Structure formats: structure tokens, C-alpha cells
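Visitor: Please walk me through this protein, with the terms spelled out as we go.

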Amino acid sequence: MNLLSIENLSKSYTEKVLFSNISFGLEKGQKVAFVAKNGTGKSTLLRIIAGKEKADSGNCILRGGTRVGFLDQQPVFDPTKTVIEAVFDSTGELMNAVKEYEIALNHPENEKALQQAFDKMDSLHAWDYEQRVHQILSVFKITNLEQKISELSGGQKKRIALVKLLVEEPDMLIMDEPTNHLDIEMIEWLEEYLSKENITLFMVTHDRWFLEVVCNEIMELDGGEIYRYKGNYSYFLEKKAAREENDSTNKDRARQFLKKELEWIRKQPRARGTKSKSRVDAFHDLTEQTGKKKKDEKLELEIKLERLGGKILELYHINKSFGDKMVMKDFSYKFRQGEKLSIIGKNGVGKSTFLNIITGKEQPDTGKVIVGETVQFGYYTQDGMKLNENMRMIEVIKEIGDHIPLAKGKTMSASQLLEKFLFPTSSHFTPVGKLSGGEKRRLYLLTILIKNPNFLILDEPTNDLDIMTLQVLEDFLEQFAGCLIVVSHDRYFMDKLTHHTFVFEGEGIVRDFNGNYSQYREEVENKKLAPQKALVKPPQVILKEEKAAEKAAEKPVVVEKTKPKEKQRMGFNEKWEFSLLEKELPELEKKKEALVEKLNSGITESDELMKVSAELTEVVAAIDNKTNRWLELSEMVS
């Protein structure tokens, strides 16, 4: 069933043509990604389909009755509203019932309002819907529903817009960079959600792993024409390479990029055993023939770096907390020459704080940071992107330097550097204010790189960059001879560039994993599949348990017969208890994991060991009891 038809659509801004006479359609159940360079109108096209902007000419036709949900790249909310008012900003009866229920839960002192909210949920049979809404809110870490929108960061607003979109369940999802500002755990949940067969999706994203897992079709705007590829990202790379091989105007760099991307993605755990051997062989034949015709023109800057000395960056027993929240606990590390590492962890666990401590923007509570005399930091951060909107691009670069020193006494002009990062000569005098979001981030990244840092710190560098720009950046960073730290939700990007990982696990724990993100995920999955190792108990605990077992064996076992319980209707108290259990169980699981980690960390003092073992036993018992009660109550709900 066709939900959307685009017919001869055109859009321009002053003299700049974004797209002209493009046509395509979208069927129910299709999951299509729209791929194009920054500045070619990807976000504008989505806004036209969503009814937020008008095209210059052509038609955008939606099937009658189709409900469209739109996730903007930079969502706008009424700043005077609260989070709950923004999320449940809908006229639907179910949505309003859940909204009233959530408000009543936050004000239990008003028993009358709470009872009315319960009664309304009952009458509408809205409990299943409320559970789903509550799950989505918890996945995206939205807990303070009464906080004002004006108090939120851009990333928090993006997550609220995403939650609002998902709880409304529209017939068609239009999403602009849905993975921006999400941690990896959130992205993986979203991948699974969007992969459901009944969801229709049209999106723009630079996240190549996301493209590989979610999409069943990729649509590319290239040279003013639309090309469609019925498959995921690796299929797109293969067929695009084949198409461009037959195109006389094809450039060798684009073909080499596609070959490199596809070879890399097939090495990943998700791709093993899923690709046809004939397809692999055919593609290798194609790329080998391509390689014989022309030389590789990948980005090779060979920037002249200040030599790093023997002492680079050393951290000794760093502790940092904000109030009761510990973000770093007794952390020590010495950086080595050529170190390239990634940092992963949930939002709010201290990744940005760690970077600020390294660069001196924040001070640790205790501990010591020693920076080598030859270290020159280059720190790319989302908050630091402040470009003069009235300046032209070439002026922004020249303000830092007319020429960039390269190795072997060579230099590169500001104009040449812009071209290397895919800004054509014709665009160099464009005012910054007229650039797209992705183009501005690319320009800001250049202002960091041309200062010749020998220790690069990149905090979410891939946000809003198109795939071709990412390849250029990756080429540069692969050659970069200095130290590199990457904080990113882009798993593809991290895997290609880094060889070990700092995992921020929360409560101040930072784990140094010797491998990239995919290898870390493989280890985590293998641990889940492997039988759980028994905890090593001290002799005192074993002896105590044996005596307890002997006493129990002496007593006769009495089995009481119980009558099967009749199904009961959930009353006010049970519903209240059920909502509390849903909050308590995840907290107990976290506590259990922390105690197991502590027990396995090598405690040597018997008193401490006994104390932790006893606490773990109590927590496990509490989880079992509360889980059984939750199951009883959930049967009443169903």
C-alpha cells in the first residue's frame, strides 16, 4: 500500500538549488534512509514531507488518513511547558488519561485526583498503553516529568521529541538524525524497535551501523538524480560501486571509499556468515579491476605535528564527584605514543567530565594530572562550536592561518584545506550563516585540526556529518600520528579508528578494555550466553551454610496444600504497589551487579568478604520476592 508519493519536487534558497524535479514513493512497511552530501537539502526534504515547509514546485501526496510523525533535527518546544506537557501534547483520549495518571503519581498526597486517574485508566483499559509509555520514558532516561523545557539541553529536547513521536505511534515516521544525543544503549533499543515489520520509516542518518541494521532500502540523491537500492548499507555500497564503475564521470576516490567501507563492514560480528560468497567474490573482482585503472586519491595531509615527548599525559588516583554522585573513583592511567582510544558509557556517567579534567577545564577532587610539556590539545566539543555567522568560510580558516605546515617542508593553503574536506572552491566565500548544520560542524572541525594539535580529543564529532565527510575525517585520523580520544555513539566510526576502550560503568568505575567497541560487545554477549560462574565463598560462609543445611535436614518437611487462587481485579492499592515494584526492581538489579563486581574484585579481608556476601544474599532474596509479587500483579493487569 502506497503511503507517500513525491512528484517532481523542487526547492531552492536564493541562488542555491537544493533539489530539482525529484520523484519517489514510500510503501507501507518500508524503511528507507535518504543519503546525500551536507547542504543538498536532506533536512529540508523531510520538513516538506512533514508539512513544516513548502516546496517551490511539485507535489507531496499522502494517502488519506495517514498519520505522520516527524522528528526534527533541532526540535522546538514551548519553553514554558513541562516535560510531561510536551510529551503528552495530544488530543487523544488514551494519551490524556496516561498524562493525568503520571501527574497523579507524582502527587500522591492528592488521593482524590489519584483515584480519579486510576478509574479513568480502568474505564479506557489503558494499562497496557501506560506500561509501554513508561518503558519508552525509562529507556530514554526521562524521569523528571515536571521539569520546565526551558531548563533542558538541546540533547534532552531531542530525546523528549523522540519519546513523543514513539508514544504517538503514527502510521509513518519521518526522522532527521534520530541517533544524535543518544547513548549506545538507547540506540540499540531504538534499532530493535524500528526493525519491527509494521513500522514505516523515512529517515536521514549518518550512523552507518544503524543503516546496516534497520533499513531495507537506501535512497541516494547524487548529481541531482535519485538512485534507489533495495537493501541495507552494505548492499548500497556494493551496488553504488557497480553503478559508478559504469559511469564515465566517476571519480576514483569515491570507488575506493566504497570498497574500503564494504571490506570493513563484512569483518564485523553482525555480518559474519550472512553474505553470499558469490556476491563477495563478484564485488572483490569489481574493486580489483577498478584499482588497476586509477591510483588511490584518499586524503593524505601529512600535517607536521609537534613531536610528543616521553611524558604525554598521566593521571594518578583521580577522584571526582558532584554531591553524592561519584563520576570517577581512584582512576589512574598513563597515555603512550600513538594511543587511540574510544570512550563509551551511558549519558551522565562522567565522560565529558573526564575530558574536561584532562584539558584542565575542571579540577579533580583529589589526585594528580600531569601533562607533558610538548602536548598540544585539540578539543572538539559540541558546546564549543561558536562561529561568526557573518564571516565567510575562507575568512574563518585564514583567521587561524593562511597556510598550514605539512611534513617535509610543504605547506597547504586555507583554500586547499577546505577543498580536501569537501568544500568546493565555489563555496569558499559563502557566509557561515548560510551553511547547513552539518557544514558548520565540518568547518568547526577544520578550525581544530589546522592548529596542528598532537593530542586530539573529539566529543561526538560525527553528529550531522554526511557519510562522505566521515570517510574524509576517518582517512585523516588513520594517518594522525598523535594521541586520539573519541567519545561517540557512532560504533562504526569508533571501530575503524580505536584499538582500546574506556567503559564508564557508573558509580565512578572506569574499565579499560583492550579492544574496540565490537570486541567489547562480543565479550559482553559471550558472558550472557556462558553459564554464570559460581561465586567463590570463604570457608567461614561454607561452614555456616553446611551447619544450617544439617539442621534443616533434621526437621520434617511439611508440605501445605493450597487452593488455586481466583483471578482478582486489581484495586487501588495493588496498582500503587505495582508501579512501585517497577521502579524498585531495576534498582535492586543494579545493586546486585555492583556487589557481584565487588565480590569478584579480589577482596582479601574476611570481614569485608562476609559483609558483602551477606548483603548480596539479602539483595537476591529481595529480587526473588519482589519479582514473584510483580508477576502476580501483572497477571491481574492482563
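**A guided tour**

Visitor: Does Glu-460 count as buried or exposed?
Guide: Its relative accessibility is 16%. Buried means under 20% relative accessible area, exposed over 50%, and partly exposed in between, using a 1.4 Å probe and protein chains only. With 16%, therefore, Glu-460 counts as buried.

Visitor: What kind of model is this?
Guide: Residues are numbered from 1 along each chain as its sequence is written, and side-chain values use heavy atoms, leaving out hydrogens and water. Local features need pLDDT of at least 70, side-chain atom pairs count only at pLDDT 80 or more, and totals for chains, interfaces and linings use all residues; this is a predicted model.

Visitor: Where does Glu-460 lie?
Guide: Helices (H or I, at least four residues) and strands (E, at least two) are DSSP runs, numbered from the N terminus. Glu-460 has a positive phi of about 55 degrees although it is not a glycine. Its place is the loop between strand 17 (455-459) and helix 16 (467-479).

Visitor: And Asn-8: what is its phi?
Guide: Most residues other than glycine have a negative phi. Asn-8 sits in strand 1 (residues 2-13) and counts as partly exposed at 44% relative accessibility. Although it is not a glycine, Asn-8 has a positive phi of about 50 degrees.

Visitor: Stepping back, what share of the 638 residues is buried?
Guide: The chain holds 21 helices and 20 strands. Its accessible surface (Shrake-Rupley method, 1.4 Å probe) comes to about 33,100 Å², with 49% belonging to carbon and sulfur atoms. The buried share of the 638 residues is 47%.

Visitor: What percentage of the contacts between residues at least 6 apart in sequence join residues at least 24 apart?
Guide: Contact means heavy atoms within 4.5 Å. Among contacts between residues at least 6 apart in sequence, the part joining residues at least 24 apart is 70%.

Visitor: In strand 7, what is the bridge partner of Val-32?
Guide: Strand 3 (residues 31-35) and strand 7 (residues 200-204) run parallel, joined by three bridges. The bridge partner of Val-32 in strand 7 is Phe-202.

Visitor: Which residue in the turn between strand 8 and strand 9 has a positive phi?
Guide: Strand 8 (residues 217-222) and strand 9 (residues 225-229) run antiparallel and are joined by five bridges; Leu-221 stands opposite Ile-226. They form a hairpin with two residues between them, and the turn residue with a positive phi, about 65 degrees, is Gly-223.

Visitor: In the sheet 11-10-13, which residue stands opposite Lys-320?
Guide: Those three strands form an open sheet with antiparallel pairing. Strand 10 (residues 313-322) and strand 11 pair over six bridges.

Visitor: Which side chain makes a polar contact with the side chain of Lys-440?
Guide: Lys-440 lies in helix 15 (residues 437-449) and is buried, with a relative accessible area of 18%. A polar contact is a pair of N or O atoms within 3.5 Å; within protein, one must be able to donate a hydrogen and the other to accept it, and residues adjacent in sequence count only if both atoms are side-chain atoms. At 3.3 Å, the partner side chain is that of Glu-389.

Visitor: Whose backbone oxygen lies 3.1 Å from a polar atom of the Arg-442 side chain?
Guide: Arg-442 is also found in helix 15, and is buried with a relative accessible area of 3%. Leaving aside neighbours within four places in sequence, Arg-442 is in contact with residues including Asn-38, Phe-421 and Asp-466. The backbone oxygen at 3.1 Å belongs to Leu-422.

Conventions
Two strands pair if DSSP finds at least two bridges between them.
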